[in-house]
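Thanks for coming. I have one structure to go through today, and I will keep to what can be read from the coordinates.

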Amino acid sequence: MKEPLKKPYATLRFSRPSYVLRRPVFFVGFMGAGKTTLARKLARLLGVSSIDCDTYLERREGRAISEIFARDGEEAFRDIESAVLGELASGEAQLISCGGGVIGREENRRMLKEGGFVVYLDVAPEEAAARISSTATRPLFQNMDQAKKLYEKRHPLYEEVADVSIATAGKTVSQVADEVTAILKEEGILCLRPR
Ligand code: S3P
């Protein structure tokens, strides 16, 4: 009787390739577009670093964004946001998820365009509302009317800074992650780490 073929288990084991980023990659888009979730997922899948501007900002300031808005107002928050963007844009090449309003200031748009590759994750406010778990942490997403007006105002600015725009409606995070991965490879921004 013939010996059953032994499977080469060692070679079948899945080993994930590790990548390097050649430039910072910024994710911009409306609140609820999935910027933070996507950057984290991609970082895990690709073995690169990611950072969330809002989380970094809250740690840097030692208080929550909602508190900064409530105590000091939106302009004070925007000043800190611009400073944070400047710090991250001149730092290591990583995946950077930005706050939804970062495109409001001209100086920020310039930093984004000059600082790296910009991915716009487009989401309609209706779908964004369904994705947002709590509006308590988002002082500028309190009702649908306000959100729609803000989206209309911002959409052209997101388009202005974007190297690529991705429509996220009806897509899973994995689908968007695959799409972004393919684009970054094609652009020569995401490369296999030399062994
Ligand atoms: C804001 C979006 C928030 C946060 C702040 C202001 C905005 O970030 O930066 O509440 O102006 O759209 P997310 O887009 O991550 O929710």
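I'll start at a single glycine. Glycine 188 follows helix H9, and its phi is positive, near 75°. Keep in mind that this is a predicted model, so every value I quote is computed from that prediction.

Now back up into the helix itself. H9 covers residues 173–186, 14 residues in total, and runs 20 Å from its first C-alpha to its last, close to the 20 Å expected at 1.5 Å a residue. Which residues of H9 are buried? They are Val176, Ala177, Val180 and Leu184. These four cover an arc of only 100° around the axis, which puts them on the same side of H9. The general point is that an α-helix has 3.6 residues a turn, so residues three or four places apart point the same way. The face turned away from that buried side carries Ser174, Gln175, Ala182 and Glu186, which are exposed.

What do the buried residues of H9 pack against? The list is strand E2 (25–28), helix H2 (35–46), strand E5 (117–122), strand E6 (164–167) and strand E7 (190–192).

Take E5 from that list. Of its 6 residues, 5 are buried, so E5 is largely enclosed by the rest of the structure. E5 pairs with E2 in the parallel sense over 4 bridges, and tyrosine 120 in E5 is the bridge partner of valine 28. E5 also pairs with E6, again parallel and over 4 bridges; here aspartate 122 has alanine 167 in E6 as its bridge partner.

The buried residues in H5 are Phe77, Glu81, Val84, Leu85 and Leu88. Seen down the axis, they fall within an arc of 105°, so they line one face of the helix. Note that a glutamate, Glu81, is among the buried ones. On the other side of H5, Glu75, Ala76, Asp79 and Ala83 are exposed. The cover over the buried residues of H5 includes strand E3 (50–52), helix H3 (53–61), helix H4 (65–72), strand E4 (95–97) and helix H6 (106–115).

Now the ligand. Which residues surround it? They are Met31, Thr36, Asp54, Ile65, Gly99, Gly100, Gly101, Arg138, Pro139 and Leu140. By class, that shell has 4 nonpolar, 4 polar and 2 charged residues.

Proline 139 sits in the loop between helix H7 (125–131) and helix H8 (144–161). Leaving aside neighbours within four places in sequence, proline 139 is in contact with Ser66 and Phe69.

To finish, the chain as a whole. There are 9 helices and 7 strands. The C-alpha atoms fill a box of roughly 80 × 35 × 30 Å along the principal axes. Of the 195 residues, 31% are buried. Among contacts with a separation of 6 or more, 78% are between residues 24 or more positions apart.

That is all I have.

Notes
Residues are numbered from 1 along each chain as its sequence is written. This is a predicted model: local features need pLDDT of at least 70, side-chain atom pairs count only at pLDDT 80 or more; totals for chains, interfaces and linings use all residues. A residue is near a molecule or strand if its C-beta atom, placed from the backbone, lies within 6 Å of it. Ala, Val, Leu, Ile, Met, Phe, Trp, Tyr, Cys and Pro count as nonpolar, Asp, Glu, Lys and Arg as charged, and the others, Gly among them, as polar. Helices (H or I, at least four residues) and strands (E, at least two) are DSSP runs, numbered from the N terminus. A residue is buried if 20 or more other C-beta atoms lie within 10 Å of its own, exposed if 12 or fewer, and partly exposed in between; C-beta atoms are placed from the backbone. Two residues are in contact if their C-beta atoms, placed from the backbone, lie within 7 Å. The expected span of a helix is 1.5 Å times one less than its number of residues. The arc is that of the directions from the helix axis to the C-beta atoms. Two strands pair if DSSP finds at least two bridges between them.
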